[in-house]
Structures are given as structure tokens and as C-alpha cells.
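Hello,

Here is the structure I promised to hand over. Please open it alongside this note.

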Amino acid sequence: MAKIFCVANQKGGVGKTTTTVNLAAGLAKVGQRVLMVDLDPQGNATMGSGVDKRKLALTIYDVLLESASVAEARVKSDKLIEGGCGYDILGANRELAGAEVELVDVERREKRLKLALAEVDQDYDFILIDCPPSLSMLTLNGLCSAHGVIVPMQCEYFALEGLTDLVNTIKQVHANLNKDLAIIGLLRVMFDPRITLQQQVSEQLKQYYGDKVFDTVIPRNVRLAEAPSYGVPGVVFDPSSKGAQAYVAFAQEMVERIEKM
Ligand code: ATP
Ligand code: MG
């Protein structure tokens, strides 16, 4: 049975997509079967996996509206396979923005993704969902589908404040819609140990959230930022870079955590 994780944080630009695609590649590299679901109309995770979002015949939008199955809409990327990190992709593009409105009057609209993913459960060890920077119906579909949430965050002054909203949303979804849901962990990303404030916030995080904070820390690393323009995750683009190595270590930490779950 696949373990399903949302990568979520309603704050924009905190490293959700970078984390999703690099964790997907890292897990594939250590032998896991992975489906990456792009739940963001920006389609960054799709493009960053080497799939042209403008040329997709079927996307997550068709799946949510039940005009296609996941098996019909998923695609593969040659670049990932060549890089030894092949994972499947359920892509998104701007069409997905319309789903929010089109799902308004639909029954059990927040369960659409969960039902669709159940059909491919046997095909994967991990399903990773890249959420948009909002607590919208799309994110809700992600949270209703998942066993856990991975929260990437930068160790900055307002980071803890933003976390409270997300934690409350997750608690509500847990109480009302998805009993399986838990925060798997907080992932410190774009970390620069030379900055004292970042060290302080990192310490605070560990005090408040204890072992919910992943051991792995993702450093700020320009190779991770360059990779999307080549249509591959950093793990494939420059495997020897500090950022890529950190994401592979994170993939291993995830596999170990799952074994203990
Ligand atoms: P959005 O909320 O718009 O979906 P996001 O949370 O998915 O954004 P990303 O797109 O992953 O965030 O990252 C934002 C920017 O930061 C991107 O330009 C990305 O390349 C860069 N970035 C992410 N992680 C790192 C890192 N560890 N080191 C350097 N740059 C990074
Ligand atoms: Mg993103």
C-alpha cells in the first residue's frame, strides 16, 4: 500500500515544490516506486520534473472532475529515467485553477483525489502531493488523501506564526475528514548556518515541536534553484551538490520514519 504525503505550507515560496520533486527523485534513487502529484495550477512541479505542462493531454484537473483516471493521466519523463530517478507524474497546469469553482456544487468534493488515488495504490510505495500556497479546496483534497503532511519551512522570524494556521487546519481535517492525517514533520529548508537568527529559530522549532522536526536540514544551495530551468530536480541535475545530497539523505530519513510508523 502506498504511503501518501502532502507537501504543504500556505506561505508562498518556502520550498514546497523543490522539496516535492527532490524528495520524489531521492526516493526513486533509493529504490522506491513514486508518483508525484502536482496540485498547484502554477504547474511548477510538473515543469521541474521535465514535463511540459502546456502539452499535457490529461492532468489532475481531469482526474478531479472524474473525466479521467490517474492511470490514464499519469506520465513519465525521459530526463528522470536517464538520471536514474524515474518517478511517475500526475501533472497540472493553469486549467486546474478552474477546478476550485467547478467543484463547489459537487458532493464530497474534498474526497475526489483520495478516491482517484485509491485505484493506483498498489503501483507505488510513495505518493507525494505538491500543494499550492493556500488553504484552498485543492489543498483540502490533498490533506484528505494523505497519511501525513511534510511542512517545509525557512527558519525566519514569522515562520512559527504561519505554522499555527497550518497546524490548526490539519487538526480540523484530522477531526472532521481524515482520521489518518498527521504532521509527519517539519523540514528546515534554505538553511544558512551562518545566520544567527536562523539558528535561533531552528532551536525554537526543536523546543516546540521536538521529534516532529526532521533531522535532515536542507541548505541554501544554488544548484537546487538552477535545476528547474533544466527540467529536472537538483538530485538529478547535480547529484554531488550539497542540496542534492541533503535531499537524498531526507529520502532515507523518510523511508526510516515510515518503517517505524
Ligand atoms: P509556491 O508557494 O509559489 O508554490 P514553493 O513553496 O513551491 O513556492 P519553491 O518554488 O520550491 O517554493 O521555491 C521558491 C524558490 O526558492 C525557487 O526559486 C527555488 O528554486 C528556490 N529554492 C528552494 N529551495 C532552495 C534551496 N534549498 N536553496 C536555494 N534555493 C532554493
Ligand atoms: Mg510550489
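Below is what turned up, starting with a helix pair. Please keep in mind that this is a predicted model.

**Helix packing**
Look at helix H1 (residues 16–29) and helix H13 (residues 242–260). Their axes come within 8 Å and cross at roughly 70°. The range for roughly perpendicular is 65 to 115 degrees, so H1 is roughly perpendicular to H13. On the H1 side, the contact is made by Thr18, Thr19, Asn22, Leu23, Gly26, Leu27 and Lys29. H13 contributes Tyr247, Val248, Phe250, Ala251, Met254 and Val255.

**Positive phi values**
Two residues are worth a look here. Arginine 108 is not a glycine, yet its phi is positive, at about 50°. Arginine 108 sits in the loop between helix H6 (99–102) and helix H7 (112–118). Its relative accessible area is 53%, so arginine 108 is exposed. Methionine 190 also has a positive phi, near 50°, and is likewise a residue other than glycine. Methionine 190 belongs to strand S6 (residues 182–191). Its relative accessibility is 22%, so methionine 190 counts as partly exposed.

**Surface patch**
Which residues form a nonpolar patch on the surface? They are Tyr157, Phe158, Ile195 and Leu197. Together they have about 440 Å² of accessible area. Tyrosine 157 lies in the loop between strand S5 (148–153) and helix H9 (159–176). With a relative accessible area of 63%, tyrosine 157 is exposed.

Best wishes

Key: Residues numbered from 1 in each chain as written. Chains lettered and ligands numbered in written order. Predicted model: local features only at pLDDT ≥ 70, side-chain atom pairs only at ≥ 80, totals over all residues. Heavy atoms only, no water. Helix = DSSP H or I, 4+ residues; strand = E, 2+ residues; numbered from the N terminus. Buried < 20%, exposed > 50% of the residue type's maximum accessible area, 1.4 Å probe, protein only. Patch = residues over 30% accessible without salt bridge, like charges linked within 9 Å, V, L, I, M, F, W, Y side chains within 5 Å. Areas by Shrake-Rupley, 256 points an atom, 1.4 Å probe, with all protein chains shown as cover. Salt bridge = Lys/Arg side-chain N within 4 Å of Asp/Glu carboxyl O. Axes fitted to C-alpha atoms, helices over the stretch in contact; angles between N-to-C directions. Parallel < 35°, antiparallel > 145°, perpendicular 65-115°, else oblique. Contact = heavy atoms within 4.5 Å.
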